[in-house]
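Please look through the structure shown here, and then follow a short walk through its charged pairs and its nonpolar cores.

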Amino acid sequence: MAEENVASGKRELTPEQQEGLLRILEGRFIKYMNRHEGMEWAEIREKLEANPEKLWSLHEMERTGGEPDVVGYDVKKDEYIFYDCSAESPKGRRSLCYDREALEARKKHKPENSAVDVATAMGIEILTEDQYRELQKLDRFDQKTSSWVQTPADIRKLGGALFCDFRFGHVFVYHNGADSYYGSRGFWGSLRV
C-alpha cells in the first residue's frame with residue numbers, strides 16, 4: 001500500500017497502483033478537457049511514468065480526495081501543472097491547522113496535523129491565493145468548504161494565516177489564527193511534473 005510506503009520512507013507505487021492511478025487520471029483528463037485544451041494525454045503519461053516520485057504524490061492527492069487533474073503547462077520549464085480538482089476541499093485533508101508552529105502553540109484540542117506538514121509529506125505545494133483564483137476560473141470549487149492558502153510571512157509572523165472559499169459568485173480571502181482548524185477547512189495542492 002502507498003500508505004505503508006510513507007511510513008517506510010519509500011515514495012513509490014506498486015505496478016498495479018501505478019496503472020490504476022494512470023487509468024483514473026486519464027479518465028479525468030478526458031472528462032474535463034476544458035481544463036487542459038491542446039494537451040495530449042500520451043505526452044503527460046510519458047512524463048508521469050518517467051517521474052515515479054511525482055506519480056506517488058499524485059496518488060497521495062487522489063487517496064486523500066483531491067481528484068488531481070492537469071490544469072496547465074509551463075513551456076519554459078517543460079512541466080505539466082496538476083491541481084486538486086475535487087468539488088470541495090479534499091476530505092482527507094481537513095481539520096488541520098496551518099503549520100507546525102501553530103500546531104505546537106495550541107494548548108488544548110490539537111488537530112492531528114497541519115496543512116503545511118501534510119503537503120510536505122505528500123510532496124506537493126499548498127495553492128497560493130493567485131493559484132486558487134486560477135482554479136476557480138476552471139469550474140466552481142469550495143462552495144461549501146474553505147481552504148488554507150499559502151500565507152505571506154508578514155501575516156504569519158503575527159500569528160495569522162489566510163484561507164479562501166467561493167461564495168456568491170466570488171472568491172473570498174479571509175484570515176484566521178494559524179492555530180485554528182475546522183471540519184470543513186482543508187487545502188488544495190499543486191504539483192509540477
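**Charged pairs and nonpolar cores**

In this predicted model, Asp-99 has a relative accessible area of 11%, and because buried means under 20%, Asp-99 counts as buried. Asp-99 forms a salt bridge with Arg-156, with 2.7 Å between the closest N and O atoms. Since Asp-99 lies in the loop between strand 2 and helix 5, while Arg-156 lies in helix 8 (residues 153-157), the pair ties together parts that are 57 residues apart in sequence. Arg-156 is likewise buried, at 11% relative accessibility.

A search of the whole structure finds 13 salt bridges. Another of these joins Asp-74 to Arg-192, whose closest N and O atoms are 2.9 Å apart. Asp-74 belongs to strand 1 (residues 68-74) and Arg-192 to strand 8 (residues 189-192), so this pair ties together parts that are 118 residues apart in sequence. Asp-74 is buried at 17% relative accessibility, whereas Arg-192, at 34%, is partly exposed.

The side chains of Arg-45 and Glu-19 also meet in a salt bridge (2.9 Å, N to O), which links helix 3 with helix 2 across 26 residues.

Turning to the nonpolar side chains, the largest nonpolar core has 34 residues, of which Ile-44, Leu-48, Leu-58, Phe-82 and Phe-187 touch the most other members. Among the elements that each supply at least two residues of this core are helix 2 (15-31), helix 3 (41-49) and strand 2 (79-84). Leu-48, for its part, touches residues including Leu-22, Trp-41, Phe-82 and Val-193.

Technical notes. Residues are numbered from 1 along each chain as its sequence is written. This is a predicted model: local features need pLDDT of at least 70, side-chain atom pairs count only at pLDDT 80 or more; totals for chains, interfaces and linings use all residues. Side-chain values use heavy atoms; hydrogens and water are left out. A nonpolar core is a set of buried Ala, Val, Leu, Ile, Met, Phe, Trp, Tyr and Cys residues joined through side-chain atoms within 4.5 Å. Buried means under 20% relative accessible area, exposed over 50%, partly exposed in between (1.4 Å probe, protein chains only). Helices (H or I, at least four residues) and strands (E, at least two) are DSSP runs, numbered from the N terminus. Contact means heavy atoms within 4.5 Å. A salt bridge is a side-chain nitrogen of Lys or Arg within 4 Å of a carboxyl oxygen of Asp or Glu. Lists of a residue's contacts leave out its neighbours within four places in sequence.
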